[in-house]
Amino acid sequence: MNFIFDYYNYWVVVFLMMAGFYIVISANNLVKKIVGLNIFQTSVFILYISMGKVSGGTAPILVEGVTQYSNPLPHVLILTAIVVGVATTAVGLSLIVRIKRAYGTVEENEFENTDDAI
Amino acid sequence: MTELIDLVLLAMLALTALKIIFLKDLFAVVMLFGIYSFLSALIFINLDAVDVAFTEASVGAGISSVLMLGTLALTGRTEKENKRSSLLPLLVVTVTGAALIYGTLDMPPFGAANNPVHEHVAPRYIEESPKEVGLPNMVTSVLASYRGFDTLGETVVVFAAAIGVLALLGVRREKTDNVRQSGFTDHYVLRIIAKLVIPLIILFALYVQFHGDFGPGGGFQAGVIAAAAFILYALVYGLPSAFRVVGPKFLQGLASFGVLLYASVGLYSMFKGGQFLDYNKLAVDPLAGQHYGIIIIELGVGITVFAVMLSIYYAFASQTERGNT
């Protein structure tokens, strides 16, 4: 049982990462691909935060009488990564809007045969 | 108990991801993605990352979903039937996943206090940052002071993304002024509730902004929350009225102002004889200097993030309104 608890977080992270990866390579719709990328990204966030957790620790905000804190460094990295992530997602989505305007579709297999419309 | 909550939440997260794979209705996919984000925010709280949870809840579940819905309004809400075989992707994913699972067996056990990650720089942050920087929230200390240069880079990336979106889509102001009245002007319940809620959201954003040194929060979260208040206003009262409150041009200036404010703190500390972003030199007392520096750069981050998120929303929303005519 301990063995499962030791690695459970990492396994779920791998599952989520692969779920996101699967959506990215198999989905036809570009918006769905972006959702897949976001799932992939969140799985990386969970991996980092899982590594930062210390059993019996508390949130890294100074409280009197507490000596065991979780690691603040992964929190900092992921906090900024989330905001950067949404900003890049927005760029991706606006590219999709432009693709829709140029090709009239956002299904991958429908515009790979059309000529350059832009 | 923590482990048990972790177990359940991660299982729910995995189920949500699985459901997203098979859904063809993209509206439902985006809604499920919002749930996915909220679940991961809960997991972050359970794993002691309160600041991260805060950001994920406001950004992942809030802004991301709004932007994706805005895109769906332009591109259609159902995914077409996929005729390609899904065998090859499945094979690739299974093999990669198996290799990664094999790799996790070499990871140190979850939660052990003597894991390698906790042995290098982290103890110093935990033990010294309350004395060196003087803030109880270690995440803010590391974010704004020890890794201030890094955070400046990230703020610039967010700014660059806004430039990218505006270059790709642009905000069509002249045209949106002429389109039919947008927003939910007939829905009195929505209008009145929005009127009640918006000031509270802005107040909360300011609290998060200036209390970030002591509790969870900071510029990134506050910027997003403040932007959410204005997005709500634009959704309910229509884009043209939102433009009258904060114009797109003003926002573009605001976005660059935030980055410049951040960078100028760095330059000012060089001017005072320190290194770039060395807050100790900002005041006679190094601790007071740290505090001034962090408040100003967090303000810069907050302003930039607010302006960027709102500009991006404006860009998407003005596309949608143009599409409706």
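Helix α6(B) is largely enclosed by the rest of the structure, because nine of its nine residues are buried. A residue is buried if 20 or more other C-beta atoms, placed from the backbone, lie within 10 Å of its own. The buried residues of α6(B) are M138(B), V139(B), T140(B), S141(B), V142(B), L143(B), A144(B), S145(B) and Y146(B). Helices (H or I, at least four residues) and strands (E, at least two) are DSSP runs, numbered from the N terminus.

The model is predicted; local features need pLDDT of at least 70, side-chain atom pairs count only at pLDDT 80 or more, and totals for chains, interfaces and linings use all residues. Residues are numbered from 1 along each chain as its sequence is written, while chains are lettered from A and ligands numbered from 1 in the order in which they are written. The model scores ipTM 0.91 and pTM 0.91. Chain B has a mean pLDDT of 88, and 95% of its residues reach 70 or more. Here pLDDT is the predictor's confidence in each residue, from 0 to 100.

Chain A has four helices and zero strands. Its elements run α-α-α-α from the N terminus on. Chain A is more spread out than a compact globule, because its radius of gyration is 20 Å, well over the 13 Å that the globule rule gives for 118 residues. The radius is taken over C-alpha atoms, and the rule is 2.2 Å times the number of residues to the power 0.38. The C-alpha trace of chain A spans about 65 × 35 × 10 Å along its principal axes. Of its 118 residues, 55% count as buried. Among contacts in chain A between residues at least 6 apart in sequence, 39% join residues at least 24 apart. Two residues are in contact if their C-beta atoms, placed from the backbone, lie within 7 Å.

Between the chains, 83 residues of chain B are in contact with 69 residues of chain A. The most comes from α3(B), with 15 residues. By class, the side of chain B that touches chain A has 56 nonpolar, 18 polar and nine charged residues. Ala, Val, Leu, Ile, Met, Phe, Trp, Tyr, Cys and Pro count as nonpolar, Asp, Glu, Lys and Arg as charged, and the others, Gly among them, as polar.

Chain B is divided into domain 1 (1–119) and domain 2 (137–325). These bounds come from an automatic or database domain assignment. The domain centres, taken over C-alpha atoms, are separated by 26 Å. The contact takes 14 residues from domain 1 and 18 residues from domain 2. On the domain 1 side, the residues divide into eight nonpolar, five polar and one charged.

Within chain B, G258(B) is found in helix α12 (residues 248–271). G258(B) counts as buried, with 26 C-beta neighbours inside 10 Å. Not counting residues up to four places away in sequence, G258(B) touches G300(B), V301(B), I303(B), T304(B) and A307(B). The C-alpha atoms of G258(B) and I303(B) are separated by 5.2 Å, although the two are 45 residues apart along the chain.

Most residues other than glycine have a negative phi. D48(B), not a glycine, has a positive phi of about 75 degrees. D48(B) lies in the loop between α2 and α3 of chain B and is buried, with 24 other C-beta atoms within 10 Å. L277(B), not a glycine, has a positive phi of about 60 degrees. The place of L277(B) is the loop between α12 and α13 of chain B. L277(B) counts as buried, with 22 C-beta neighbours inside 10 Å.

Key: Buried ≥ 20, exposed ≤ 12 C-beta atoms within 10 Å, placed from the backbone.
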